[in-house]
Amino acid sequence: MFKGFTRFLQSPGERLKSLFGPNSAASGSPEPRIIPRQEHPVSRQHFSDAALKVLYRLHNAGFEAYLVGGCIRDSLLGRMPKDFDVATDATPEEVKGLFRNSRIIGRRFRIVHVRFGREVIEVTTFRGTPGDDHADHVSQQSDDGLLLRDNVWGNIQEDALRRDFTINALYYSIADFSIHDFAGGVPDIEARTLRLIGDPTTRYREDPVRMLRAVRFAANLDFHLDPASEAPIRELSPLLLQIPPARLFDEILKLFMAGQGVETFRLLRHYGLFEMLFPEAAEAMEELPWAEPLVEAALASTDRRIHEERPVTPAFLFAALLWGPVVLRQAEQEANGLPQIPALQAASQQVVARQLQHISIPKRFSLPMRDIWDLQQRLPLRRGRRVYQTREHPRFRAAYDLLLLREAAGELAPGLGDWWTAFQEADEHEQRRLLDKAGANPAGSGAPRKRRRRRRKPRGNGNGES
């Protein structure tokens, strides 16, 4: 089995052709098909223990239980799955009754999170088709077609056709280890095609975030969008303005923190989605020739760190994405008579306030982001103790990285970044030489001075006498 899976990893497309027949990719048949265990490479060895515990407990309690979506898609593509979602005919209350370590979340879609330490298994009940007889607390839709609430339960066939893309409508049964394909997802995986289930315009209107998911999957999986699924995106992109900013923050992390940020950014720009997420950044890119190269350089740096399994922070990425708007607003403030530092602070406040109308940025990221911006004013000041204070700032490294990107993008002339690079690597003697060269006090007052201990005065007797 392991040898067979290794061959599948080397050429998943060819293996799928051999497994499911030479005409499967061309047929695109939406008819349900059940692929027995001996005819597919997906194994329980690729699933987490937590996911298997949830599946078996549901199954032993008499419920249907399937792994569904991305974990099955990734397994067929030869990728090791990371997230595991379970679909079942058990209601959320029945699922919660089986797992003490669970809680029901959501109003729009009620789902159950089953927690095993740091791992969370998401369990969803099969969804059905909303009807006119369903009350608003069960199913509700806006005049524009946006699903406001969707808690109609159904069977597995209905659930499959309610999912977004064919490649995500694949179900792995824990009962017999077969794969159930209800929407032609297997041939689309073989053809590396991303295709919406149903009418694309209707499905995008139901949930505009599907447009972002289409871009994310296309970039991360190296798939191409089916022409019919691609056609309405640019026209419908303003529908993203209806989505709560808190939900869009989570989507931004998925878009830019998966290791394919540059390609994702280019697709967002291509389909007119980026300006719905970062309107002021998009405006700055039209006015500042260096703004777009700066963002691409920051994303490329983040992608490299992710592939090298090094830590990344959204604060740095947001700092780069919104630096162009900060520069423009700071120039306006200075033109109105504000000094440089107050102008930057006012510009930062304005940029953040406008961005929060589109994407919520938690303070644990927005405050470090503003520190990174503030340090851009301090990095050119290379005199005395200020240099050492700047270097010891907790956001110095991120600010230094942004400085290097600003120079590479053409906003700043090269030189300052090299100086800070040399200063960080130098010994004390070389640091003093660099400070002198930058115009510091030649007497060498650059090193931080030790505080002189104040001599204690003798205590008096309370009436001014010693």
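This report walks through a sheet, a helix pair and several salt bridges in a predicted model.

## The sheet

Start with the strands. Eight of them build an open sheet, given as 8 strands in the order E1-E10-E9-E2-E3-E6-E5-E4. The pairing within this sheet is mixed. Strands of a sheet pair through backbone hydrogen bonds, and they do so either parallel or antiparallel.

Which strands stand at the edges? Strand E1 (33-35) and strand E4 do. Each has a single partner strand, so one side of each has no neighbour in the sheet. Neighbouring strands are also turned against each other, by 30 degrees on average when direction is ignored.

Strand E4 covers residues 102-105, and strand E5 covers residues 111-116. The two run antiparallel and are joined by 4 bridges. Arg103 has His113 in E5 as its bridge partner. Ile104 stands opposite Val112, also in E5.

E5 pairs with strand E6 (residues 119-125) as well. This pairing is antiparallel too, over 5 bridges. E5 and E6 form a hairpin, with 2 residues between the strands. Gly117 sits in the turn and has a positive phi of about 65 degrees.

## A helix pair

How do their axes lie?

The contact itself can be named residue by residue. H24 brings Trp419, Ala422 and Phe423. H25 brings Gln431, Leu434 and Leu435. Of the residues in this contact, 5 are nonpolar, 1 is polar and none is charged.

## Salt bridges

Side chains of opposite charge can pair when their charged atoms come close. How many salt bridges does the model hold? The count comes to 23.

One of them joins Glu93 to Arg110, with the closest N and O atoms 2.3 Å apart. This pair links distant parts of the chain, 17 residues apart. Glu93 lies in helix H6 (residues 92-98), while Arg110 lies in the loop between E4 and E5.

## Buried partners and a network

A second pair lies within one helix. Arg203 and Glu206 meet in a salt bridge, at 2.9 Å from N to O. They are 3 residues apart in helix H9 (residues 200-206), which means about one helical turn separates them. Arg203 counts as buried because its relative accessibility is 6%, under the 20% cut-off. Glu206 counts as buried as well, at 14%.

Arg406 forms a salt bridge with Glu411, and here the closest N and O atoms are 2.7 Å apart. Arg406 is buried, at 7% relative accessibility. Elsewhere, salt bridges link up into a network of Glu280, Glu283, Arg329 and Arg354.

Key: Residues are numbered from 1 along each chain as its sequence is written. This is a predicted model: local features need pLDDT of at least 70, side-chain atom pairs count only at pLDDT 80 or more; totals for chains, interfaces and linings use all residues. Side-chain values use heavy atoms; hydrogens and water are left out. Contact means heavy atoms within 4.5 Å. Ala, Val, Leu, Ile, Met, Phe, Trp, Tyr, Cys and Pro count as nonpolar, Asp, Glu, Lys and Arg as charged, and the others, Gly among them, as polar. Two strands pair if DSSP finds at least two bridges between them. Axes are lines fitted to C-alpha atoms, for helices over the stretch in contact, and angles run from 0 to 180 degrees between N-to-C directions. A salt bridge is a side-chain nitrogen of Lys or Arg within 4 Å of a carboxyl oxygen of Asp or Glu. Buried means under 20% relative accessible area, exposed over 50%, partly exposed in between (1.4 Å probe, protein chains only).
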